[in-house]
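Q: I have a protein model open and want to learn how to read its features. Can we go through it step by step?

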Amino acid sequence: MPSHTRGAPWVRTRLRTAPWSAVALGALVLLTAFLAAVLPRAVEAYETQGLREAVAGAAPEAGVLELKTPPPGLERSDEARADAVRPEALAAIGARARALLPAPLRADPAQSAYGVRTARSLEGLDAALPRPDGLPPRFTLLAQSGAAAHATVREGRLPTAGRVGVDTRAVEGAVTRETARTLGLRAGSTLTLAGYPDRPLTVRITGVLEPRQPQRSYWSAEPVLRTPGLISTTGRPPQFYWEAGVLLAPGAAPALLGGQGEPERYWRFAPATGQLTGADAPALVAAVASLEDGPGLVALRGVAGPVAQLSTGLEQVVGAYTATRDAIAPVVAVAAFGIAAVAVVVLVMSGGLAASRRDAELALLRARGGSLRGIAVRLLAETAVPVVPAAACGLLLALLVVDGGRPLPAVLGAGAVALLACAVLPVRAVVAHRSPRAHRERDDLAHARPGGRRLVAELTVLVLAAGAVAALRRRGTEGPGDLLVSAAPVLVGVVAALVLVRLYPLPLRWAAGPAGRLRGVVGFLSVARAGRAPAAVAVLPLLALLTALTTAAFGGSVLAGVADARDRAALLATGADARLDTADGAPLPPGLAGAVRQVAGVRQVTAVGFAYAAERAGDETRSLPVIAVEPDGYARVARQTGLGGFPADRLRSADGVLGAVASPGVAERFGRAPRRIVTDTGPVTVRVTAVNPRTPAVPEGEFLLVDAAGLKGFTGPTTLLATGADIDGKALRAAGSGISVTLRAEERAALSDSPLQAGAERIYGSAVVAGAGYAVLALVLGLLRTAPERAALLALLRTLGLTTRQGRRLLGLEALPQALLAAGGGMAVGWAAVRLLAPGVDLDRLALSGATGGPVPGGAVLRTDLWSLVLPAAVTVLLAGTVAVAQAWWAGRRTPITHLRAGDMR
């Protein structure tokens with residue numbers, strides 16, 4: 001052969017020799033890189049959506065940034081003062097102020113407005129205006145920009161203004177349809193307002209408007225502009241009067257300067273949320289702080305005036321969002337750590353499988369003078385060919401699936417996967433072939449003796465796990481982003497796996513003797529084969545399985561605790577599956593209960609009436625809720641809902657004394673003796689016969705439950721409670737007009753509609769599923785690692801007379817010990833992890849951040865979910881047996897001589 005002749009390229013030859021191995025590795029890397037890249041993007045996506053919804057959904061008076069300043073003082077001429085409040089001047093200041101808003105704050109021009117308003121409302125003098133307690137209504141006047149773009153004229157026209165000055169006493173205005181209906185106004189009406197020194201201000205109503213987007217900031221930043229409200233005085237008893245808003249033409253602002261309404265210029269900037277991201281929350285709080293009392297305010301005063309002030313509640317809105325996000329993040333991190341640990345184990349197993357398959361080849365290369373560096377470089381090159389494109393495809397897929405977000409975390413995640421996948425095979429080869437050797441010593445699991453380095457590593461992991469569990473139990477998940485605490489469930493699973501690997505050989509040794517005395521060879525061979533499995537092969541699958549099962553158990557318990565807390569909160573909000581109340585406390589319409597019973601999904605309906613009683617005859621106030629019910633129907637509803645069930649006969653009357661079910665506080669005050677109370681319908685004598693902490697009609701608070709038939713003068717029920725499944729809410733609302741309907745299902749849905757909650761739950765569920773998938777893959781890889789040896793053994797035994805049925809039993813029993821160990825250990829470790837970590841895991845924010853009725857008794861408690869323990873463990877055992885039987889079936893299709901040739905590894 002000529003000296004210049006070169007051999008075939010290494011990488012091309014290896015890929016042509018084992019193309020399917022390269023394809024399988026590429027698919028595994030693509031999936032893992034996709035998950036590693038999509039996880040940070042998904043987290044950032046739901047955090048961004050949560051921040052945007054929190055800001056956009058905040059009450060307008062809290063979310064709007066309002067810059068206000070008084071008009072020029074009396075030291076200036078009337079003409080100069082009027083010019084300072086005209087629309088042109090205000091628009092120029094608003095544009096300059098908007099440009100000074102620090103990033104990431106941006107104003108939404110469509111919902112922003114400017115103008116002049118009376119900080120002090122003016123008294124209406126017209127006798128025709130309604131006066132609830134004899135007090136005249138008061139009006140806030142707003143010369144606000146943009147009325148044409150935010151309202152539809154239903155009657156008349158929009159107000160206009162000519163050349164208005166400080167001494168003008170007649171202007172045009174418009175009111176909303178709600179204001180016109182409440183105060184009896186229409187186009188052409190006039191309002192005469194006090195508060196001017198020479199003569200009253202006359203406002204001629206030229207139009208009645210229908211607000212567009214009435215809940216947005218243009219109309220709701222000043223609530224009385226949209227809807228008039230009843231305001232109470234501070235006297236006793238309080239008196240009420242109407243407070244309403246009137247919209248003037250922007251050019252009419254100078255007329256407000258001549259009165260005593262304390263006029264002020266204002267610019268309201270509605271925050272634009274389209275460019276906000278979850279990472280902007282700290283900068284947003286800092287920007288608001290600067291505008292309220294910092295450099296930002298100094299800059300705004302340079303534009304609007306030396307005494308200008310900016311007020312907003314945006315920092316509270318962002319603070320509430322940040323608190324919820326920070327409470328949810330550690331819980332989500334537990335799932336991320338779980339899937340990451342299992343994915344790393346599977347990638348290491350894939351490299352280990354390739355290294356063990358090529359052990360003889362690499363040993364031969366070393367024996368013929370191959371250097372470690374040369375072998376490592378060639379293995380790295382052949383691994384990188386399928387891995388790098390697969391990781392790039394996974395990254396690209398993640399970028400396409402989840403739009404928005406920073407690309408750097410995704411790139412780092414996919415890059416870490418590619419680096420690990422490329423490095424596993426070369427590192428395993430270099431470690432295993434540090435020195436040339438003729439043959440490899442057996443590393444049987446039953447006779448393995450772990451070295452000192454492994455002991456040190458295991459003790460290190462044990463210390464870390466103990467510290468993580470202790471920290472989590474002591475201070476919970478509310479610490480400042482402690483990753484060790486979030487990794488506690490995974491570390492518990494890792495420690496358990498290491499302990500079980502050390503204990504695993506003991507039952508195999510104990511079972512070898514009895515199995516050898518059994519008739520037949522299947523039992524003995526299965527135990528012997530399980531004990532002769534390489535120790536390195538047994539550790540990684542068991543580690544992956546236990547970590548995945550622990551993560552699945554912990555994740556299932558988290559989701560179960562969240563679901564239970566939401567169900568409980570929704571039930572306490574309604575008291576039943578559906579609740580119907582009259583708006584003004586009047587009795588229910590006749591026939592409503594019958595109509596509700598005909599609604600699809602309704603099983604049980606009971607009527608409830610409310611009265612209030614004084615506990616003593618001399619008490620002037622009646623504050624004790626007395627609930628009048630029909631005993632049999634109400635008792636059934638209470639039992640079905642689980643809210644203080646009781647026998648119906650506890651409400652039975654005897655000798656003129658009504659039996660009563662009371663809350664603990666009432667029962668303690670009343671005792672068990674008859675007690676006379678004074679209700680709205682008259683005096684009545686009651687005796688407490690049962691005590692319940694809550695009841696469907698009043699899920700929270702004190703109550704006294706009595707039979708409605710025993711209340712003389714009872715006017716009738718005001719509430720219906722219904723139980724059932726899949727109640728038709730639309731039909732229920734159509735059953736009666738003017739009735740408030742509350743559905744438990746709707747309350748339940750409202751608790752989980754927050755983007756932070758929904759996104760965290762999706763990620764948690766996906767992580768559990770992905771972890772389970774990786775665990776299955778780890779189990780399959782572990783079985784494939786020794787598949788050639790098992791096939792060869794089966795073929796050899798078949799030549800000695802082993803039947804096909806015995807072969808299937810042999811492989812099934814051989815895989816059974818490890819599967820049973822993983823399943824039993826996984827259930828035990830999952831249960832222990834939940835019990836150990838439950839005191840330190842706070843699920844309230846994840847479960848109930850949307851609750852509006854206060855905390856739920858007991859909160860969201862992390863408890864062990866039985867299905868999350870049993871189902872993954874059962875699937876593990878079933879899958880191990882299925883793979884073993886399938887392998888035996890496949891091996892039986894080929895002749896023994898083929899297996900012996902293909903599997904001869906000597």
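Predicted model: local features only at pLDDT ≥ 70, side-chain atom pairs only at ≥ 80, totals over all residues.

Q: What share of the residues counts as buried?
A: Of the 906 residues in the protein, 49% count as buried. Sequence separation is another thing to read. Take the contacts with a separation of 6 or more: 81% of them join residues 24 or more positions apart.

Q: How do I read a pocket?
A: Rolling a probe the size of a water molecule over the atoms shows where empty space is left. Here, the second largest pocket has a volume of about 1,300 Å³.

Q: Which residues lie nearest the centre of the second largest pocket?
A: They are Leu39, Pro40, Val43, Val332 and Ala336. The whole lining has 48 residues. By type, 31 of the lining residues are nonpolar, nine are polar and eight are charged.

Q: Which helix gives the most to that lining?
A: Helix 2 does, with 15 residues. Helix 2 spans 19–56, and among the others supplying at least two residues are helix 12 (314–357) and helix 27 (755–785).

Q: How is the packing of two helices described?
A: Two packed helices are described by the angle between their axes and the distance between the axes. For helix 2 and helix 12, the angle is about 175 degrees and the axes are 10 Å apart.

Q: How are helix 2 and helix 12 oriented, roughly parallel or roughly antiparallel?
A: Angles over 145 degrees count as roughly antiparallel, so helix 2 and helix 12 are roughly antiparallel to each other. Their contact holds 20 nonpolar, three polar and two charged residues.

Q: Now a single residue. Is threonine 48 buried or exposed?
A: Threonine 48 sits in helix 2. Its relative accessible area is 10%. Buried means under 20%, so threonine 48 is buried. Beyond its neighbours within four places in sequence, threonine 48 is in contact with Leu276, Thr277 and Gly278.

Q: Why does aspartate 83 count as partly exposed?
A: Partly exposed lies between the buried limit of 20% and the exposed limit of 50%. Aspartate 83 has 35% relative accessibility, so it counts as partly exposed. Aspartate 83 lies in helix 4, residues 78–84.

Q: What does aspartate 83 contact, leaving aside neighbours within four places in sequence?
A: Aspartate 83 is in contact with Ala89 and Arg163. Also compare sequence with space: aspartate 83 and proline 254 are 171 residues apart in sequence, and their C-alpha atoms are 7.9 Å apart.

How values were computed. Residues numbered from 1 in each chain as written. Heavy atoms only, no water. 1 Å grid on protein atoms, 1.4 Å probe; cavity = no way out; pocket = protein on both sides within 12 Å on 5 of 7 lines; lining within 4 Å. Points joined across faces, edges and corners; volume = space filled by probe spheres on them. Helix = DSSP H or I, 4+ residues; strand = E, 2+ residues; numbered from the N terminus. Nonpolar A, V, L, I, M, F, W, Y, C, P; charged D, E, K, R; others polar. Axes fitted to C-alpha atoms, helices over the stretch in contact; angles between N-to-C directions. Parallel < 35°, antiparallel > 145°, perpendicular 65-115°, else oblique. Buried < 20%, exposed > 50% of the residue type's maximum accessible area, 1.4 Å probe, protein only. Contact = heavy atoms within 4.5 Å.
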